[in-house]
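This report covers charged side chains and their surroundings in a predicted model.

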Amino acid sequence: MTTRFDLIVFDWDGTLMDSTAHITRSIQAACQDLGLPIPPRERASHVIGLGLVDAMRVVCPGLPEPRHQDMVQAYRHHYLAGDETIELFDGVAEGLAALEEAGYLLAVATGKSRVGLDRALNVTGLTSHFLATRTVDECHSKPHPQMLLDITEQLG
């Protein structure tokens with residue numbers, strides 16, 4: 001017996017958007033701006049999907065707590081300066097349209113900020129595909145289940 005799900009919830013970075021290189025470069029540039037050791041690509045890309053503050057704790061484990069916001073701001077500066085590099089994986093737009101056509105409800109749960117997700121959705125033209133979105137600004141960071149619980153409650 002097959003179970004049919006009504007709702008599909010996507011992560012954004014690395015799932016719909018091919019953002020690994022852009023995120024990694026932004027983390028490394030932020031570390032350089034603050035005079036911190038520049039993490040290797042593997043460590044910088046390993047934090048994709050976490051909220052920014054949690055990601056900075058992993059990337060810069062010795063960074064004092066009061067400086068995490070400095071790191072977040074430096075990261076955002078570099079990340080947002082590269083908006084023109086936002087690219088979806090091949091077939092994402094067509095795949096989302098096909099899922100909608102098949103009757104699925106679509107949503108996004110991401111470690112991005114609200115501003116970052118809204119900007120990415122607008123730049124890529126995907127806003128209308130998603131009935132619900134949750135970001136780290138509104139919920140606990142993943143892997144906490146709050147984003148999914150909020151989305152399922154909103155969409156019934």
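D13 sits in the loop between β1 (7-10) and α1 (20-33), and K112 in the loop between β2 (105-109) and α6, so the bridge ties together parts that are 99 residues apart in sequence.

The structure holds nine salt bridges, including the pairs listed here.

| Pair | N to O distance |
|---|---|
| R114 and D118 | 3.0 Å |
| D150 and R134 | 4.0 Å |

R114 and D118 are four residues apart in helix α6, which means that about one helical turn separates them. D118 is partly exposed, at 32% relative accessibility.

D150 and R134 form a salt bridge. This pair links distant parts of the chain, with D150 in helix α7 (residues 146-155) and R134 in strand β3, 16 residues apart. D150 is partly exposed because its relative accessible area is 23%, whereas R134, at 16% relative accessibility, counts as buried.

A network of salt bridges links D54, R57 and E65.

D18, E87, D90 and E94 form a negative surface patch. Of these, E87 lies in the loop between α4 (68-81) and α5 (92-101) and counts as exposed, at 51% relative accessibility.

H129 is located in the loop between α6 (114-124) and β3 (132-134). H129 has a relative accessible area of 13% and is therefore buried. Leaving aside residues up to four places away in sequence, H129 touches A93, L96, A97, E100 and L106.

Conventions: Residues numbered from 1 in each chain as written. Predicted model: local features only at pLDDT ≥ 70, side-chain atom pairs only at ≥ 80, totals over all residues. Heavy atoms only, no water. Patch = residues over 30% accessible without salt bridge, like charges linked within 9 Å, V, L, I, M, F, W, Y side chains within 5 Å. Areas by Shrake-Rupley, 256 points an atom, 1.4 Å probe, with all protein chains shown as cover. Salt bridge = Lys/Arg side-chain N within 4 Å of Asp/Glu carboxyl O. Lys, Arg positive; Asp, Glu negative; His and termini not counted. Charge placed at Lys NZ, Arg CZ, Asp CG, Glu CD. Helix = DSSP H or I, 4+ residues; strand = E, 2+ residues; numbered from the N terminus. Buried < 20%, exposed > 50% of the residue type's maximum accessible area, 1.4 Å probe, protein only. Contact = heavy atoms within 4.5 Å.
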